[in-house]
Amino acid sequence: MGGKKFAVLLCAEDSEYVKKKYGGYFGVFVRMLAEEGETWDVFHVARGEFPDDDDFGSYDGYVITGSCNDAHGNDVWICKLIALLKQLDSLRKKVLGICFGHQVRAITVFSSHINASKIAGTAFCS
């Protein structure tokens, strides 16, 4: 049986320092979290690159990175990320959110349990 498979949903561009030191933010998370035998993929979601609809269920877990963007914004990629997180919730996938990723995750979780209009500053994506 193969090892576990994880995806990093990259929500920011790599800084020059991080590129030089770690090969990019993806390298930071893999170095910090990966264990032997695991497969790690990266999707640049801020650029609109998401896992294929028929493939996202094959991952054991996801990491959503930080970003300089507003988690409550209604940018197309943020709305698509929120929709993906709702699908991952329905599949009971493990999700780790870092800073921005944690905020987007909270929006997803709380908007499914209470009236979203009661969450201050919530993005309304349709």
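A disulfide is defined here as a pair of cysteine sulfur atoms within 2.5 Å. By that definition the structure holds 0 disulfides. Cys 68 is in no disulfide, the nearest cysteine sulfur being that of Cys 99, and because the two sulfurs are 9.1 Å apart they are too far for a bond. Cys 68 is exposed, with a relative accessible area of 85%, and Cys 99 is exposed as well, at 52%; exposed means over 50% relative accessible area, buried under 20%, and partly exposed in between, with a 1.4 Å probe and protein chains only.

The model is predicted, so that local features need pLDDT of at least 70 and side-chain atom pairs count only at pLDDT 80 or more, while totals for chains, interfaces and linings use all residues. Residues are numbered from 1 along each chain as its sequence is written, and side-chain values use heavy atoms, with hydrogens and water left out.

**Aromatic pairs**

A search of the whole structure finds 4 aromatic pairs, where rings of Phe, Tyr and Trp (its six-membered ring) pair if their centres lie within 6.5 Å, and planes under 30 degrees apart count as stacked, over 60 as edge-to-face and the rest as tilted. Two of these pairs are set out below.

| Pair | Centre to centre | Angle between planes | Class |
|---|---|---|---|
| Phe 43 and Tyr 59 | 6.0 Å | 90° | edge-to-face |
| Tyr 59 and Tyr 62 | 5.5 Å | 55° | tilted |

Phe 43, in strand β2 (residues 39-44), and Tyr 59, in the loop between β2 and β3 (61-64), are 16 residues apart, and their pair links distant parts of the chain; helices (H or I, at least four residues) and strands (E, at least two) are DSSP runs numbered from the N terminus. Phe 43 and Tyr 59 are both buried, as are Tyr 59 and Tyr 62, and Phe 43, Tyr 59 and Tyr 62 form one aromatic cluster. The charged end of Lys 5 sits over the ring of Tyr 59, 4.5 Å from its centre, which requires NZ of Lys or CZ of Arg within 6 Å of the ring centre and within 35 degrees of the ring normal.

Thr 108 lies in helix α4 (residues 100-111) and is buried at 0% relative accessible area. Beyond four places in sequence, Thr 108 touches Ile 82, Leu 85, Lys 86 and Asp 89, contact meaning heavy atoms within 4.5 Å.

Lys 94, in strand β4 (residues 94-97), is exposed at 62%.
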